[in-house]
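Dear colleague,

Please find the structure below, together with its sequence. My notes on its helices follow.

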Amino acid sequence: MIILHLIKSPENMIDYIKGRITELNPSEMTVETYGIGYKILISLQTFSFFEGKSDVTVYIHHYLREDEELFYGFGTRDERELFRLLIGVSGIGAATARMMLSSLSAEEIRNAIIAEDLVRIKSIKGIGLKSAQRLILELKDKMIKGSGGEAGGIIGKADSGVVEEATTALVLLGFSKANVQKAISSVLKENPQTGIEELIKSALKKL
């Protein structure tokens with residue numbers, strides 16, 4: 001007998017699912033596309049992102065093990081990227097990462113890690129002192145360099161062309177991309193509809 005072992009990549013099999021929400025609650029959702037209903041595990045912030053919407057695009061992390069196959073879904077690529085960074089830390093599983101994203105926003109998690117705010121990180125259910133220390137040790141540099149995303153939760157609400165143009169202009173002025181993204185995110189949090197000229201001027205004041 002010949003047995004074929006299929007090697008599957010849990011992160012790359014499905015990038016996103018586009019369809020209609022048929023069920024949505026704070027911990028999971030069902031999205032129907034082409035007559036198939038996909039049950040997807042979500043965080044509280046993803047729930048808030050999709051609440052009140054019907055036709056959606058859900059970014060997927062395909063969690064695949066020998067005895068388990070799950071879909072974790074996210075409203076933005078940014079949240080999914082942070083989720084993947086979190087589960088890459090020793091001792092942080094998918095359930096714990098989802099709990100983190102339900103307890104704090106993506107921006108709050110990054111800020112807590114960068115600031116080495118152990119108290120804030122430990123306030124999340126399931127995170128003890130050692131886990132909090134590992135998160136800081138393994139992710140702080142990545143957060144500072146911008147590997148944890150590009151402030152997608154806030155920036156995603158603004159015109160992407162304006163954000164990209166402003167980011168490029170400020171980086172060319174000599175500022176680091178991570179600092180530029182943080183400044184732009186702060187400006188857009190105050191006024192998501194800021195135009196390109198005002199966005200650059202306001203971001204400069206924060207750099």
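A crossing of two helices is called right-handed if the near helix is turned clockwise from the far one by less than a right angle, and left-handed if the turn is anticlockwise. In this predicted model, the crossing of helices H9 and H10 is right-handed.

Of its 207 residues, 39% count as buried. Among contacts between residues at least 6 apart in sequence, 54% join residues at least 24 apart.

Two packed helices are described by the angle between their axes and the distance between the axes. Two pairs are described here in that manner.

The first topic is the pair H9 and H10. Helix H9 covers residues 177-190 and helix H10 covers residues 196-206. Their axes come within 8 Å and cross at roughly 120°. Angles of 65 to 115 degrees count as roughly perpendicular, and H9 and H10 are therefore oblique to each other. On the H9 side of the contact are Ala-183, Ile-184, Ser-186, Val-187, Leu-188 and Glu-190, which meet Leu-199, Ser-202, Ala-203 and Lys-206 of H10. By type, the residues of this contact comprise 6 nonpolar, 2 polar and 2 charged.

Helix H9 itself has 14 residues. From its first C-alpha to its last it reaches 20 Å, close to the 20 Å expected at 1.5 Å a residue. The buried residues of H9 are Ala-178, Val-180, Gln-181, Ala-183, Ile-184, Ser-185, Val-187 and Leu-188.

Helix H4 (residues 106-114) packs against helix H6 (residues 129-145) at an angle of about 110°, and their axes are 8 Å apart. H4 and H6 are therefore roughly perpendicular to each other. Arg-110, Ile-113 and Ile-114 of H4 meet Leu-135, Ile-136, Leu-139, Lys-140, Met-143 and Ile-144 of H6. The residues of this contact divide into 7 nonpolar, no polar and 2 charged.

Yours sincerely

How values were computed. Residues numbered from 1 in each chain as written. Predicted model: local features only at pLDDT ≥ 70, side-chain atom pairs only at ≥ 80, totals over all residues. Heavy atoms only, no water. Axes fitted to C-alpha atoms, helices over the stretch in contact; angles between N-to-C directions. Helix = DSSP H or I, 4+ residues; strand = E, 2+ residues; numbered from the N terminus. Parallel < 35°, antiparallel > 145°, perpendicular 65-115°, else oblique. Contact = heavy atoms within 4.5 Å. Nonpolar A, V, L, I, M, F, W, Y, C, P; charged D, E, K, R; others polar. Expected span 1.5 Å × (residues − 1). Buried < 20%, exposed > 50% of the residue type's maximum accessible area, 1.4 Å probe, protein only.
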